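Reader: I have a new model open and want to learn how to read its contacts. Can you walk me through them?

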Amino acid sequence: MNTLSENVLSGIDYASISRKNRSRDIIFASLGIFVLFIAITTLVALFLDLAMRGAPRLADPDFYTSFPSRRPLDAGILSAWVGTIMVMVVTAVVAVPLGVAAGLYLEEYAKKNWFTDVIEINVSNLAGVPSIVYGLLALGLFVQTFGMGETVLVAGLVLALLILPIIIVSTREAIRSIPSELREAAYGLGANQWQTMSMYIIPAAKPGIITGAIVGLSRAIGETAPIITIGALSFIAFLPQSPITGDFPFISFEWLNSGFTVMPIQMFGWVSRPQADFQITAAAAGVVLIIMTLAMNALAIYIRYRARKS
Amino acid sequence: MANSNPARPESSGLQVSPHFLRKREMVNQSARYVLMAAAAVSVLVTIGIVYVLLSEALVFFEEVSVWEFVSGTSWTPMFSVPTFGIWPLLSGTIVVSGIALAVSIPFGLVLSVYLSEYAPDNVRETVKPILELLEGVPTVVYGYFALLLVTPMLQLFLPGLPGFNMLAPGLVMGIMILPYTTSLSEDAMRAVPNSMREGAYALGYSRFHTATRVVIPAAMSGITAAFILAMSRAVGETMVVAIAAGQMPNFTFNPMEGAATITTFIVQVSLGDVSHGSIAYLSIFAAGMVLFLLTLVFNLIGFFLRKRYRQAY
Amino acid sequence: MSANEMATNRIGQPARMRAQSERPSETREHWYLEPEGTLRARVSNLKFWYGDGTQAIDDVSMPLVDKQVTALIGPSGCGKSTFLRCFNRMHDLYQGVKYSGSIKLLPEDENLIDLDPNIVRMRVGMVFQKPNPFPKSIYENVIAGLKIRGISKRGVLDEIVETSLRQAALWDEVKDRLDQPALSMSGGQQQRLCIARALAVQPEILLLDEPTSALDPIATAKIEDLINQLSGKVTVLIVTHNMQQAARISNYTSYMYLGKLIEYNETDSLFTRPMCQRTEDYITGRFG
């Protein structure tokens, strides 16, 4: 019926086209594997190098129990890891409830109106605001305007604000992945909205929410820039007051107002020193820092994996 | 017999106390307001950022003309006669993020096509968590790599390369944001419905043709969003450049030189002993304002492009 | 047709039982007609397993008559779509699938299970349940298959676009807006565009996988008309969930159940004088 095209199509050598297709596919797949290989080996090589350089300090138990020092081989990370834990406690206590509540509101309560749109664009933008800008916020507002100083509390707060979008987004995703049957079953029993949320939706979304919270906190552990901006020092030779005291009421919140340093600041301080021995100390601190964040991320991935399996 | 118990007529079920219902409704309403307040906090954060940047920057611009700021090519806030032209900081930011994107965009595109269209399921299931793990490595560690490992390595090939330069942090940052770029654009490609892929394969398309002629065009807005968000991240990245690029403002586009970026300038001032209210102190808020506006533009473009591809399918 | 006779023997049930007087038997499990026309393909003892090990096709044998429409009917989950997708090796996109038996293309006598899937798909076209045009212009969609076969002369492409769109009964509706995005068309038009896209490369066999299940009755009627037009020109294998549709558009019909072929017959005979009890139960709605 269509002579011209009939001729064109009957002359096609499918075998040769297919051969060409296949070789192109193989070339591209090899390229993909090559890029993957390059990226992963580069990083593995860098991490191994870091670990090897830091090994002498990592093997020394005093490294974990000493304060920083002018002498590189005596310098330790005691104040840094204690500070990191304290700051993280503040961050978690502030960011997790706030983020989960905001995520729950946006996913389940918010009506489709301009206010919701504004919050949504806002959260998405906050996720992309450079961390150092959060540092400026804390410097201008908490440190200068409120006069709170360079304390554990301020650091915890700024990191909490920084990871808020991460927790909001992951909470929303966790809730979205719950089948609507569960929701309908709860409403069908006569539960009202809050009962449905608190008794069915939040428990079902828990693995996803916990995963998001851990990922957010692991991001906060490694953040350096906003902490520098609020004026934290890397040379801190004391520990904040213990939260548990010998006197009544046995609990103290003095540590919130204490000066502090954290792991990434400590490492940054050592990297900036010209003496080669400090670079060894910095490498050792880097290894500890990487292990902290990787362990948290791995835990998050594991929780999600287990939740997906069941 | 059926009417002998008037308290429970046949048609009524369980009795619920009105007191309980009232309380239940009160809890329901208060929960709603508490949650809404939490969501509003995120807006307060933005308002706080804008307020702080704007109020300090306005004081700054009382002393420095806006024109000098946006057109000047010299940035010397600590000199006795300070100059405040933003261009040296901008040029550093542009060069370093340009190198980072030159690494991360092609690599990210190849990797995401490979993961989404070629890789067997088990490879993808192994690689994606690894990429996520890498996303979590603190940036200060990458700064260490750039300064103490990559720069010395580059100096073997480029003998004239100074210890502080923009090339090494740019390259390292490119690798650093690769997982982010890859997973965002892979998400965009996975969002292309499988029916479209099957349609292409059914016509005799190879994997390569399916990827380049059907999947990538269909996922274009999402892929663009991925690269724009990567750009935003590169521009705002602080520690890698603060450690490895030097902190001297330098109006140059030569990656072999060291230079300060907007972010490293803020770090430098924060580390120093600058009194509250001084012009140098105020200048970090003006610089922060520029940074915020730049990333705001990128983030908004990224947001709307992503929204578009999510609505499309 | 000596090839056909040989193939008949391979099936093992040379169905010379075409005697019109014969009544369906309560005990007959399967029944195959040996059709008289030229064959385009013959399926012999085809079995198919998905990646998770479930067997979806169990020992199916049937012929495919050249330039005729053959319909596959059966309850959902009976394997008819799975069977159809063996013809262009669509399953090979997913991991761990396994075939045994053969689908021989005739007269070349090539088993398409042994061929490169990419070659098979260049020769066998397919249209899916839901219209899946590419997010490009109408014109670009029709020539999508031609471009990757190295055909790029504008004049040739223009001609093929027009003939294909005419064959798909879409030309008059879209001839003035070929550069418009395909996704701006209605669902029925999109599906006809997908048919045009498949026809443009002149497939040896055209597979249609419930092509009207996502369409409204008017769009469905247009597609059915178009399939009727194709009868006599293109070899069509169509899966349909709708028995009336099979009766309206096909020359031959296969009834499948639980991965097995129960009956293959001329469409008229299958619907008026089914040879197996199970076929009769299904077409009369007494299916249990």
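Author: We will go through the chain interfaces, one aspartate and the cysteines. Keep in mind that this is a predicted model.

Reader: Start with chain A and chain B. How many residues does the contact take from each?

Author: Count residues on both sides before anything else. Here the contact takes 75 residues from chain A and 75 residues from chain B.

Reader: What area do chain A and chain B bury between them, and what part of it is on carbon and sulfur atoms?

Author: The area is about 7,000 Å², with 76% of it on carbon and sulfur atoms. Then ask who supplies it. On the chain A side, A:F28, A:L136 and A:F268 give 9% of the area buried against chain B, more than any other three residues.

Reader: Now charge. How many salt bridges does the rule find across the interface of chain A and chain B?

Author: One salt bridge is found there. Its partners are B:E132 and A:R304, and their closest N and O atoms are 3.1 Å apart. Polar contacts are a separate count. The rule finds 12 residue pairs in polar contact across this interface, both residues at pLDDT 80 or more.

Reader: Which element of chain A gives the largest share of the side that touches chain B?

Author: Helix 2 of chain A, residues 14-58, gives the largest share, with 18 residues. By class, that side of chain A has 49 nonpolar, 19 polar and seven charged residues.

Reader: Next, chain B and chain C. How many residues does that contact take, and what area is buried?

Author: The contact takes 20 residues from chain B and 25 residues from chain C. The two chains bury about 1,800 Å² between them, and 59% of that is on carbon and sulfur atoms. In chain B, the residues that lose the most area to chain C are B:E198, B:A202 and B:L203, together 34% of what that side buries.

Reader: Which side chains meet in a salt bridge there?

Author: B:E198 pairs with C:R85, at 2.6 Å from N to O.

Reader: Which elements of chain B give two or more residues to the side that touches chain C?

Author: They are helix 7 (194-202) and helix 8 (207-218) of chain B. Helix 7 gives the largest share, eight residues. By class, this side of chain B has 10 nonpolar, six polar and four charged residues.

Reader: Now a single residue. Where is C:D116 found, and is it buried or exposed?

Author: For one residue, read place first, then accessibility, then partners. C:D116 is in the loop between strand 6 (110-111) and helix 3 (117-123) of chain C. Its relative accessible area is 17%, so C:D116 counts as buried, the cut-off being under 20%.

Reader: What does the side chain of C:D116 reach?

Author: It makes a polar contact of 2.7 Å with the side chain of A:S18. The side chain of C:D116 also reaches the backbone nitrogen of C:N118 at 2.9 Å. Leaving aside neighbours within four places in sequence, C:D116 is in contact with A:S18 and A:R22.

Reader: Last, cysteines. How many disulfides does the structure hold?

Author: A disulfide covalently links the sulfur atoms of two cysteines. This structure holds zero, over all chains.

Note on methods:
Residues are numbered from 1 along each chain as its sequence is written. Chains are lettered from A and ligands numbered from 1 in the order in which they are written. This is a predicted model: local features need pLDDT of at least 70, side-chain atom pairs count only at pLDDT 80 or more; totals for chains, interfaces and linings use all residues. Side-chain values use heavy atoms; hydrogens and water are left out. A disulfide is a pair of cysteine sulfur atoms within 2.5 Å. Contact means heavy atoms within 4.5 Å. Buried area is the accessible area (1.4 Å probe) that two parts lose on being put together, summed over both. A salt bridge is a side-chain nitrogen of Lys or Arg within 4 Å of a carboxyl oxygen of Asp or Glu. A polar contact is a pair of N or O atoms within 3.5 Å; within protein, one must be able to donate a hydrogen and the other to accept it, and residues adjacent in sequence count only if both atoms are side-chain atoms. Helices (H or I, at least four residues) and strands (E, at least two) are DSSP runs, numbered from the N terminus. Ala, Val, Leu, Ile, Met, Phe, Trp, Tyr, Cys and Pro count as nonpolar, Asp, Glu, Lys and Arg as charged, and the others, Gly among them, as polar. Buried means under 20% relative accessible area, exposed over 50%, partly exposed in between (1.4 Å probe, protein chains only).
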